Amino acid sequence: MPADSDDSASTLPTGTPPANLLERLVSLGKQRGFFFPSSEIYGGINALYDYGPLGTRLRRNIRNRWWRSIVELRDDIVGIESSVIMNPQVWVASGHVAGFSDPLVDCTGSCRKRWRADHLPAERAARGKAADAPGCPECGGTLTAPRQFNLMFRTFLGAVEDSSAQVYLRPETAQGMFVDFKSVLNSSRQRIPFGIAQNGKSFRNEISPGNSIFRTREFEQMEMEFFCEPGTDDHWFEHWRGERFRWYVEELGVRRSRLRLRDHEKDELAHYAKAATDVEYLYPFGWGELEGIANRTDFDLSAHQRASGVDLSYLDPVSGSRYVPYVIEPAAGVDRIMLTILMDAFDEEIVRGETRTVLRMHPDIAPVQVAVLPLSKKEELTVPARALEHRLRPHFATDYDETQAIGRRYRRQDEIGTPLAVTFDFDSLQDDAVTIRERDGMTQVRVPIAGLEGALRDQLIAFRRRTAERAGSGA
Ligand code: ATP
């Protein structure tokens, strides 16, 4: 066993997140390279973020897991990639040009801040004031009357900068699926019911972005439009409501006790929606939307059919009936899921009088699955340890680290959520065996190098089972 390993830990009960969790994650995110403000050397830019090496790995894992469960493991959903800039008529027909706006109020007092009128009660409460206190949440100054502010970013296509060349950065990926509906139907063998999915960047000039990467102005969405026959839409809405909740618990390992499904009240529904439910997570700043599931009816296809003059109806080959399909949409955000996973996984415990920070992440989501650590920096250990890491690379997401004492390196891997660490020590040179140390219980086992891949796979299976139990029980 490595000399200064950290087994025999005296652990405190886990599960209570620290009060300043968001701040802790922002600092961890920067220190370990998950996320940090964009263009930081120029002072940053409001509500835009960059993702570092670990954050990029984590985001890819989230995206891939979504794609796998929504597209690859099903035969009734196909994927597309539509352009970010589309014909501006798309956004006229969809209602975004006229109505994709939030009510904006300005403070005329000392702070001159801008607020979303519908966020004022929460902003006041966050500052310890009564939700219905008059005036600006920050300085108490008089607020202007609300006016509608369109959230779409505008730019120009081509060399001429006049209104005829004005285009928009998409505020959602969904419209790509509606506009391409006919092309996908004609080019694939899909028949209704079926879905079209895509993930990619969306842009919203949010009035009050905040809570780090929870609400930003450039973000990534994962959306799926499921086309079905009118009359079957309630069934499919229920199906996707349940399926999406399950996904967070079983496939991302998010604790059930911190998740809920919240149905929208009738007066809260978007104009196009017959029903909507949010998957919500209990953030330190309260329950917040993680994903929205909406029954969008035939609103979008009918609107595009009217505006484009192209027939977007569907002819059922069996019954011979023709209809404009209804659509059920689960719409999620990669950035919010990333923040949620980091928050949900964050834990602290006392080990040998020191605080150990550990991200108890699902082993298939963690940016690094297996870290290879030589016990010392001596070449007789680093050369074979590095070779071992190269051997494992095709099979696992690996990392190699030879800096600092082994205990510090374990802590560093705990902090980024690495489930397994393989330690190559002086005995390894004699017995052709290494130590596998697992993140959660810090237990260690000695295994022969010859069968290392299999032993690691077995450990990851056990990890998956434990993660599922923890997420399901909500502990
Ligand atoms: P909110 O009410 O929080 O503004 P929304 O209802 O407008 O969100 P949708 O249009 O349903 O959001 O978008 C689907 C998903 O896209 C959201 O659940 C969220 O995960 C993500 N998302 C939306 N806006 C943002 C944003 N500004 N920053 C990060 N993620 C976002």
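Here's a walk through this structure, from its domains to its cores, strands and salt bridges.

Before we start, keep in mind that this is a predicted model, where local features need pLDDT of at least 70 and side-chain atom pairs count only at pLDDT 80 or more, while totals for chains, interfaces and linings use all residues. Residues are numbered from 1 along each chain as its sequence is written, and side-chain values use heavy atoms, with hydrogens and water left out.

Where the two touch, domain 1 puts in 15 residues and domain 3 puts in 14 residues; "contact" here means heavy atoms within 4.5 Å.

Now look inside. A nonpolar core is a set of buried Ala, Val, Leu, Ile, Met, Phe, Trp, Tyr and Cys residues joined through side-chain atoms within 4.5 Å. "Buried" means under 20% relative accessible area, "exposed" means over 50%, and "partly exposed" is in between (1.4 Å probe, protein chains only). The largest core has 55 residues, and Tyr248 and Ile337 have the most contacts inside it. Several elements supply at least two residues each, among them α1 (21–32), α8 (233–251) and β12 (275–283). Helix α10 gives the largest share, eight residues. The names come from DSSP runs: helices (H or I, at least four residues) and strands (E, at least two), numbered from the N terminus. This core also draws at least three residues from each of domain 1 and domain 3.

Which residues does isoleucine 337 touch, not counting residues up to four places away in sequence? They are Ile62, Met222, Trp247, Tyr248, Leu252, Leu290 and Ala332. There's a second, separate core too, with 26 residues, including Ala385 and Tyr400.

One strand deserves a visit of its own: β16 (326–333), which is among the suppliers of the 55-residue core. Eight of its eight residues are buried, so β16 is largely enclosed by the rest of the structure. In a regular strand the side chains alternate between the two faces of the sheet. In β16 both faces are covered: Tyr326, Ile328, Pro330 and Ala332 are buried on one side, and Val327, Glu329, Ala331 and Gly333 are buried on the other.

What runs alongside β16? Strand β10 is joined to β16 by six bridges and runs antiparallel, with phenylalanine 227 partnered by valine 327. Strand β13 is also joined to β16 by six bridges, again antiparallel, and here glutamate 291 stands opposite alanine 332. Two strands count as paired if DSSP finds at least two bridges between them.

Elsewhere, three strands make an open, antiparallel sheet in the order β5-β4-β6. Strands β5 (114–116) and β6 (147–150) are the edges, each pairing on one side only. Four bridges join β4 (residues 101–106) to β6, and aspartate 102 stands opposite phenylalanine 149 in β6.

Finally, let's follow the charges. A salt bridge is a side-chain nitrogen of Lys or Arg within 4 Å of a carboxyl oxygen of Asp or Glu, and a search of the whole structure finds 51 of them. In one, arginine 63 pairs with glutamate 220, with the closest N and O atoms 2.5 Å apart. This pair links distant parts of the chain, 157 residues apart: arginine 63 is in helix α2 (residues 53–72) and glutamate 220 is in strand β10 (residues 218–228). Glutamate 220 counts as buried, at 6% relative accessibility.

Another salt bridge joins arginine 215 and glutamate 206, at 3.7 Å from N to O. Are these two buried or exposed? Arginine 215 is buried at 18%, and glutamate 206 is buried at 5%.

Compare that with arginine 446 and aspartate 431, whose closest N and O atoms are 3.2 Å apart. Arginine 446 is partly exposed at 30%, and aspartate 431 is partly exposed at 39%. Salt bridges can also share partners: Asp347, Glu349, Arg356, Arg360, Asp414, Arg437, Arg439 and Asp440 are joined that way into one network.

Notes:
Domains from an automatic or database assignment.
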